[in-house]
Amino acid sequence: MKRHLIVAAVGLAAAITLSCGLAACKAGQIADRDWTVQKVYCRAAENGYEGSEQEFRSLLAANEIVDLGTSMGEADHEHIFPEWTVILTAACNSIGLSFRQCTLCREAEWKFEEALPHSFGEKRVIKEPTCEEAGVALYTCKECGTVKEEEIAKGDHVFDTAWSYDIEGHFHAATCGHAAESGRAAHSFEGGVCTVCGMPSGTYLVPVEYTSISMYFGENITPWEYLHNGVDFVAEAGTPVFATAAGVVTNLGGDMLIIAHANGVESWYRCIDIDPALKVGDTVKQGQKIGTVAKAPNYEGSEAHLCFELTFDKMPKDPLPYLGIDSGIQFPAD
Ligand SMILES: [Zn+2]
Ligand SMILES: [Zn+2]
Ligand SMILES: [Zn+2]
Ligand SMILES: [Zn+2]
Ligand SMILES: [Zn+2]
């Protein structure tokens with residue numbers, strides 16, 4: 001902030017100097033006969049010299065330029081000019097200025113060269129942009145050390161290169177902690193799986209013919225205990241239970257069976273009598289019978305049901321949308 005104020009003040013001073021100088025120049029532009037320091041300074045200012053008139057006088061004195069010369073217009077002889085005297089070498093923060101004078105008639109020539117453009121070096125990122133804030137890069141001139149600041153536009157969210165999917169389609173999920181996604185598209189099923197994301201087709205079958213749902217996903221099992229990770233489908237004991245999708249049996253024991261599907265999805269079946277022929281490692285087809293609903297657990301108020309869970313990379317999600325069942329209940333998103 002402070003620096004900007006100083007820059008503005010210098011700029012203002014330069015503007016005032018320049019306009020005064022230019023006013024003084026008007027006469028000089030018509031005839032350069034008998035150059036004066038002020039006329040030459042004026043030209044220099046017009047050409048981008050940024051020093052004061054006092055500094056300019058010192059510069060001429062330092063180069064021992066006392067006789068500033070004349071401009072005779074039409075001359076009756078061929079001028080004889082010596083080498084240019086370089087008063088200022090053009091650099092990226094300074095104009096170039098040279099002088100020569102005919103040895104016969106004092107006709108003067110002043111040569112102004114534009115300041116050179118800065119030659120900025122490599123971009124140095126001092127603040128990486130994120131999806132929330134712009135970044136900052138600096139460039140330093142290799143010649144004069146001038147530093148240029150540049151804003152780096154705020155970036156997009158960072159997305160996983162791997163596909164995630166839900167029942168609607170597949171997408172790249174944000175890995176920057178925001179609930180964002182990119183590249184969402186509908187699944188393209190071929191041979192039972194989406195060729196892009198690997199989600200099994202037909203989505204997931206409802207695993208049992210049920211009469212009602214006695215407990216939804218996310219409900220408190222008890223007011224003080226953990227949340228329900230699945231859905232309880234009420235059905236009479238002995239009702240067949242089917243594999244929700246094709247997969248491999250990875251775990252079974254007691255009244256619980258787990259099937260692993262493509263893409264890190266697992267289906268969990270509890271409260272079932274497992275088909276005795278099944279063992280870990282068996283491949284099952286979608287809709288294959290894997291057991292039957294077990295007898296109601298022996299405690300008050302319980303009724304026979306299949307407790308069904310779907311996990312995605314070990315995270316349980318409400319299975320109902322994946323089964324095409326609209327529960328009409330909105331649980332807060334996770
Ligand atoms: Zn001459
Ligand atoms: Zn420079
Ligand atoms: Zn983000
Ligand atoms: Zn897909
Ligand atoms: Zn349950």
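Author: Two strands count as paired when DSSP finds at least two bridges between them. With that in hand, let us look at this model, which is a predicted one. In it, β4, β5 and β6 form an open sheet, in that order, with antiparallel pairing.

Reader: Which strands stand at the edges of that sheet, and why?

Author: They are β4 (124-127) and β6 (147-152). Each has a single partner strand, so one side of each has no neighbour in the sheet. From one strand to the next, the twist averages 30 degrees.

Reader: How do you know that β5 and β6 are paired?

Author: By counting bridges. Strand β5 (residues 135-140) and β6 are joined antiparallel over six bridges, and the requirement is at least two, so they count as a pair. If you want a place to look, A137 lies opposite E150 in β6.

Reader: What makes β7 and β8 a pair?

Author: β7 and strand β8 (residues 170-173) have two bridges, in the antiparallel sense. The rule asks for at least two, so this pairing qualifies. Y165 faces H170 of β8 across the pairing. These strands belong to another open sheet, ordered β7-β8-β9 and antiparallel. Its edges are β7 (164-165) and β9 (181-185); each has a single partner strand, so one side of each is left without a neighbour.

Reader: What joins β2 to β3, and what lies between them?

Author: Strand β2 (residues 96-101) and strand β3 (residues 108-113) run antiparallel and share six bridges.

Reader: Now the helices. How are α2 and α3 oriented to each other, and why is it described that way?

Author: Packed helices are described by the angle between their axes and the distance between the axes. Here the axes of helix α2 (residues 37-46) and α3 come within 10 Å, crossing at roughly 110 degrees. Angles of 65 to 115 degrees count as roughly perpendicular, and α2 and α3 are therefore roughly perpendicular to each other.

Reader: Which residues make that contact, and of what class are they?

Author: From α2 come V37, Y41 and A44, and from α3 come E53, F56, R57 and L60. By class, that is five nonpolar, no polar and two charged residues.

Reader: What makes you say that helix α3 is hardly covered?

Author: The count of buried residues. A residue is buried if 20 or more other C-beta atoms lie within 10 Å of its own. In α3 (residues 53-62), one of the 10 residues is buried. Just after this helix, E64 takes a positive phi of about 55 degrees. For the protein chain, with its 334 residues, 20% count as buried.

Reader: Why is a set of residues called a nonpolar core, and which members of the largest one touch the most others?

Author: The members must be buried, of nonpolar types such as Val, Leu and Ile, and joined through C-beta atoms within 7 Å. The largest such core has 30 residues, and V241, L257, I272, I290, V293 and L306 touch the most other members. Several strands supply at least two residues each, including β13 (231-234), β17 (265-270) and β20 (289-293). The most comes from β21, with four residues. Taking L257 as an example, its contacts include V249, Y269, I290 and G291, leaving out residues up to four places away in sequence. There is also a second, separate core of 12 residues, with A45, I95, L97 and W110 among them.

Reader: Which strands does β21 run antiparallel to, and how do you know that they pair?

Author: β13 is joined to β21 by four bridges, and β17 is joined to β21 by six. F308 of β21 is the bridge partner of V231 and also of Y269. β21 and strand β22 (residues 315-317) pair over three bridges, antiparallel too, with L310 partnered by K317. β21 and β22 form a hairpin with two residues between them, where D313 in the turn has a positive phi of about 50 degrees.

Reader: How many helices and strands are there in the protein chain?

Author: Three helices and 22 strands.

Terms used
Residues numbered from 1 in each chain as written. Chains lettered and ligands numbered in written order. Predicted model: local features only at pLDDT ≥ 70, side-chain atom pairs only at ≥ 80, totals over all residues. Contact = placed C-beta atoms within 7 Å. Axes fitted to C-alpha atoms, helices over the stretch in contact; angles between N-to-C directions. Parallel < 35°, antiparallel > 145°, perpendicular 65-115°, else oblique. Nonpolar A, V, L, I, M, F, W, Y, C, P; charged D, E, K, R; others polar.
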